[in-house]
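Subject: Structure for your files

Hello,

Here is the structure I said I would pass on. My notes on it follow below.

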Amino acid sequence: DDGGGMDPEGVRQCMSLGFSTKKSKTTIGQYGNGFKTSTMRLGADAIVFTRAIRGSNVTLSVGLLSYTFLRRTMKDDIVVPVLDFQIQDDHIVPLVYGSQGDWDSSLKIILDWSPFSSMGELLQQFKDIESHGTKVVIYDLWMNDDGLLELDFDDDDEDILLRDQAKATAGTTKIQKEIIEQHISHRLRFSLRAYTSILYLKKYANFQIILRGKVVEHINIAHDLKFKKIFTYKPQVTHDSQVVSVKVDVGFAKEAPVLGIFGMNVYHKNRLIMPFWKVLQEGSSRGRSVVGVLEANFIEPAHDKQDFERTPLFIRLETKLRQIIIEYWKNNCHLIGYQPMNPQLKTQYKAAKGSGGPGHQFQQKSSTAQRIGAHSSSTAQRIGAHSSNLLPETYDDAAVFGLRTNGAGSGLQFSGQAQENSTNSASLEEDLVNIASDAELDPNFIEKLSDENISLFTRREELKQRDTQLKQTILELEHELEETKRKCSQLSTELQVRKSQQQLPYM
């Protein structure tokens, strides 16, 4: 990181557990554990080199956070040795804040438990930091059950992969697997480049991420959506707070309907927290290929930044997003080949179908024909030969849907099974009517269900708190029992000593 670097006080704060000065509502860090937990998740040990300029003072600091050192020396407390230097007359000289003995002790620990065996090797690491910045070296990386590194550096020269996740692909044919493997929703599970490409909602102008020598290209998921709509959600945060307005971008994935991925991408203060969050049940056809993007700054993320705290406010957001997806699907599913679920659109669709073709009025209101028309007929036949259910582990779509190209009378039929014959239209419409009736939920019922969820959530939190108190009571009683046993053992020993003294003959 070629930023401003950290001065001696800053590096100690960074490497101290639970220390954080970030109380602003606009910052990402808050709890003061991110550096420690992230580095320790990747490897057992980490060493930090940082150089800073504060006024006319130029300082260099080296800090070691070593699980191996703490474990093998059986330390009761977390010891983080730090060395400080300063530039005087173009020379690097030690900067001693405590005693010289403490400085020498820190140097010995760092040289004994880091990849660097001399102070000269340590100072050599500052060469590529230039005038200011920070370098973090993580070593003793964790291994999986097979004795291989969890991180794979060999399969892709421009990426770092999670070894055990990279092979988890799905799909019934080679082409389907290729489509899934290339999609960002699948690659972010194991690819550091894919994950960091969508890590920020808005691209920063003052920094970039370089992974293995190549810049990570920023991707905004909302820019790739087809038939995008913008919904506005105004959550009731508190009675005395300002009105919060959240913009929710919703549309179909560009691979729709072939790729059945769906979900909401929720950001917090520009940072991705929940990618492709499935707010709908996975067994329903509603919401297929619908993807959304929003920035929810009004709720608090969990400590690991991979989820949100399960508050009533979060539950209301989940309910609202579910409604948004259902509404969008109902009004726009025909644009990707499903029969319309909106009664008005369905009437128009049936009228067009009865006239012996796609119908000019319906085609003018939908850009489906133009989108599909961009593909050649051979490509359409190739895709049509595959099942519409491309993600069986995340989506069980038994619904059958029809899709027409913009060719004169040419039809492309999709079904749960690959068939060349046309699907019976009566059973097709019956299936979709059932789905449509499921989609039209009573708003009062939804609100009542939300209130019940909130009540259950509150009850669960009370039970969890009671469970915690009971566990604490058990621990205290166990400690008291051990203390009583220890005292009984001492009394028994004293009693034996006294008995032996009474039985000794007089000298």
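Please keep in mind that this is a predicted model. The notes go from the whole chain to single side chains.

Overall

The protein chain has 507 residues, and 39% of them count as buried. It contains 15 helices and 16 strands. Of the contacts between residues at least 6 apart in sequence, 63% join residues at least 24 apart. The chain exposes about 29,900 Å², with 51% of that supplied by carbon and sulfur atoms.

Aromatic pairs

The search of the whole structure gave 15 aromatic pairs. One of them is Phe49 with Phe126, an edge-to-face pair with 5.7 Å centre to centre and 85 degrees between the planes. This pair links distant parts of the chain, 77 residues apart: Phe49 is in strand E1 (residues 43–54), while Phe126 is in the loop between helix H5 (119–124) and strand E5 (133–141). Phe49 counts as buried because its relative accessibility is 0%, and Phe126 counts as buried at 4%.

Phe85 and Trp103 form another pair; their ring centres are 5.6 Å apart and their planes stand at 85 degrees, so this pair is edge-to-face. Here too the pair links distant parts of the chain, with Phe85 in strand E3 (residues 82–88) and Trp103 in helix H4 (residues 100–113), 18 residues apart. Phe85 is buried, with a relative accessible area of 1%, and Trp103 counts as buried at 8% relative accessibility.

One aromatic cluster is made up of Phe227, Phe252, Tyr328, Trp329 and Tyr338. Separately, Lys278 places its charged end over the ring of Phe262, 5.6 Å from the ring centre.

A buried asparagine

Asn270 is found in the loop between strand E12 (263–268) and strand E13 (271–277). Is this residue buried or exposed? Asn270 has 6% relative accessibility, so it counts as buried. A polar atom of the Asn270 side chain lies 2.7 Å from the backbone nitrogen of Lys202. With neighbours within four places in sequence left aside, the residues in contact with Asn270 are Leu199, Tyr200, Leu201, Lys202, Tyr204 and Glu295.

Salt bridges

How many salt bridges does a search of the whole structure find? The search finds twelve. Three of them are described here.

- Asp112 and Lys108: their side chains meet in a salt bridge at 2.8 Å, N to O. The two are four residues apart in helix H4, so about one helical turn separates them. Asp112 is partly exposed, with a relative accessible area of 47%, whereas Lys108 is exposed at 55%.

- Lys214 and Glu158: the closest N and O atoms of this salt bridge are 3.1 Å apart. The pair links distant parts of the chain, 56 residues apart, with Lys214 in strand E9 (residues 214–215) and Glu158 in the loop between strand E6 (151–152) and strand E7 (161–162). Lys214 is partly exposed, with a relative accessible area of 40%, and Glu158 counts as partly exposed at 36%.

- Glu483 and Arg486: the side chains meet in a salt bridge at 2.2 Å, N to O. Both residues lie in helix H15 (residues 443–503), three residues apart, which is about one turn of the helix. Glu483 counts as partly exposed at 28% relative accessibility, and Arg486 is partly exposed with a relative accessible area of 41%.

Regards

Terms used
Residues numbered from 1 in each chain as written. Predicted model: local features only at pLDDT ≥ 70, side-chain atom pairs only at ≥ 80, totals over all residues. Heavy atoms only, no water. Phe/Tyr/Trp six-rings, centres within 6.5 Å; stacked < 30°, edge-to-face > 60°. Buried < 20%, exposed > 50% of the residue type's maximum accessible area, 1.4 Å probe, protein only. Lys NZ or Arg CZ within 6 Å of the ring centre and 35° of its normal. Polar contact = N/O pair within 3.5 Å; in protein donor to acceptor, adjacent residues only side chain to side chain. Contact = heavy atoms within 4.5 Å. Areas by Shrake-Rupley, 256 points an atom, 1.4 Å probe, with all protein chains shown as cover. Salt bridge = Lys/Arg side-chain N within 4 Å of Asp/Glu carboxyl O.
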